[in-house]
Amino acid sequence: MPELNEVINKFEPITLAEMESVKLMERVDSKYVFPFLQLPRILDGMASTYRLLSINDIRIHRYESLYYDTKDFQLYGRHELGKLNRWKLRFRRYADSGGLTFFEIKFKNSKERTIKNRVKMKEIGNRIEGKADDFLKKITSFSAEMFEPKIWVNYSRMTFVNKFSQERLTIDTNLHFIKAAPDGNIIEARFPQMVIAEAKREKASSVSEFIRMVRMGAIRESGISKYCFGIYNLFDSVKKNNFKPRVRFIHKMAGTNLSPTGT
């Protein structure tokens with residue numbers, strides 16, 4: 001089986017500007033979780049069909065995000081109940097792009113459309129204040145005092161664009177959660193054996209080469225937001241019942257040995 005670095009060097013590169021030209025107005029999202037051991041085989045099978053985002057010759061990019069929620073996890077709670085009209089608040093840093101940082105507000109409306117707004121920041125804050133506070137007031141009816149930092153969600157991402165159809169694909173590895181404990185104690189969980197992939201295709205697109213490859217490995221569609229998966233694993237006080245079947249299925253798709261390390 002080929003090594004990961006050997007495989008990703010087979011992909012033709014694409015720049016960020018070229019990638020931005022792929023607009024998906026009416027799209028279908030498909031999420032998959034599978035074991036890291038299967039990743040080189042899947043990538044090897046799709047190398048001639050996709051281009052891989054390359055920035056300054058870096059093809060695997062590190063993302064660092066600090067998520068905020070209310071003291072009693074009201075934002076997480078709406079996800080756990082499966083309710084729409086729900087929000088996520090986070091600071092996100094693109095570690096391999098000179099530390100480029102944004103404060104981001106995501107909203108999934110009643111039509112299941114996700115709307116993301118963001119504002120550029122100098123750094124990730126321990127509070128929502130200043131420019132981020134002004135942006136929160138502009139986009140929502142929330143007050144910054146309602147929220148506190150809850151969890152860091154860090155991972156490595158590869159972003160692919162299909163050469164022949166309107167499709168973007170992200171593949172995330174090295175998932176690492178850190179509880180934002182106010183006392184400074186570090187409580188963390190790592191999932192090095194887990195891969196999360198998300199394909200965004202035009203509704204009219206046929207089955208892509210990536211989806212054909214995962215189906216060949218008996219991998220079925222599954223998924224959960226990385227924020228909710230991290231809260232599920234690091235916080236005992238939150239409700240989890242509605243997520244349990246999905247988490248069990250994710251563990252099955254990712255392999256029977258899937259378990260966090262570092263807690």
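Which residue forms a salt bridge with Asp-172, and how far apart are the closest N and O atoms? The partner is Lys-226, with the closest N and O atoms 2.9 Å apart. A salt bridge here is a side-chain nitrogen of Lys or Arg within 4 Å of a carboxyl oxygen of Asp or Glu.

This is a predicted model, in which local features need pLDDT of at least 70 and side-chain atom pairs count only at pLDDT 80 or more, while totals for chains, interfaces and linings use all residues. Residues are numbered from 1 along each chain as its sequence is written, and side-chain values use heavy atoms, with hydrogens and water left out.

**Salt bridges**

Helices (H or I, at least four residues) and strands (E, at least two) are DSSP runs, numbered from the N terminus. Asp-172 counts as buried at 3% relative accessibility, and Lys-226 counts as buried at 17%. Buried means under 20% relative accessible area, exposed over 50%, and partly exposed in between (1.4 Å probe, protein chains only).

Over the whole structure, a search finds 14 salt bridges.

| Pair | Closest N and O atoms |
|---|---|
| Asp-172 and Lys-226 | 2.9 Å |
| Arg-93 and Glu-64 | 2.8 Å |
| Lys-137 and Asp-133 | 3.5 Å |

Arg-93 in strand S5 (residues 86-94) and Glu-64 in strand S4 are 29 residues apart, and their pair also links distant parts of the chain. Arg-93 is partly exposed, with a relative accessible area of 25%, whereas Glu-64 is buried at 19%. Lys-137 and Asp-133 are four residues apart in helix H5 (residues 131-139), so about one helical turn separates them. Asp-133 is buried, with 14% relative accessibility. Glu-12, Glu-18, Arg-51 and Lys-163 are linked in a network of salt bridges. Side chains of opposite charge can pair when their charged atoms come close.

**Nonpolar cores**

The largest nonpolar core has 28 residues, and those with the most contacts inside it are Tyr-76, Ile-151 and Leu-175. Such a core is a set of buried Ala, Val, Leu, Ile, Met, Phe, Trp, Tyr and Cys residues joined through side-chain atoms within 4.5 Å. Two or more residues come from each of strands S4 (61-70), S8 (147-162), S9 (167-180), S10 (186-191) and S11 (194-202), and from each of helices H7 (226-234) and H8 (244-254). H7 gives the largest share of this core, six residues. Another core, of 25 residues, lies apart from the largest one and has among its members Leu-4, Phe-34, Tyr-50 and Leu-52.

Leaving aside neighbours within four places in sequence, Leu-175 is in contact (heavy atoms within 4.5 Å) with residues including Val-153, Tyr-155, Ala-189, Phe-191, Met-194, Ile-196 and Phe-229. Lys-226, the salt-bridge partner of Asp-172, is also among the contacts of Leu-175.

In helix H3 (residues 39-46), the residues Leu-39, Pro-40, Ile-42, Leu-43 and Met-46 are buried. Seen down the axis of H3, these buried residues fall within an arc of 165°, so they line one face of the helix. The arc is that of the directions from the helix axis to the C-beta atoms.

**Asn-162**

Asn-162 lies in strand S8 and is buried, with a relative accessible area of 8%. A polar atom of its side chain lies 2.8 Å from the backbone nitrogen of Phe-164. The side chains of Asn-162 and Glu-167 are joined by a polar contact of 3.0 Å. A polar contact is a pair of N or O atoms within 3.5 Å; within protein, one must be able to donate a hydrogen and the other to accept it, and residues adjacent in sequence count only if both atoms are side-chain atoms. Beyond four places in sequence, the contacts of Asn-162 are Thr-49, Tyr-50, Glu-167 and Ser-208.

**Exposed loop residues**

Lys-71 is found in the loop between S4 and helix H4 (74-80) and is exposed, with a relative accessible area of 68%. Leaving aside neighbours within four places in sequence, Lys-71 is in contact with Met-146, Glu-148 and Lys-150.

Asn-56, in the loop between strand S3 (50-53) and S4, has a positive phi near 55° and is exposed at 66% relative accessible area. Ala-218, in the loop between helix H6 (209-216) and H7, has a positive phi of about 60° and is exposed at 59%. Most residues other than glycine have a negative phi.
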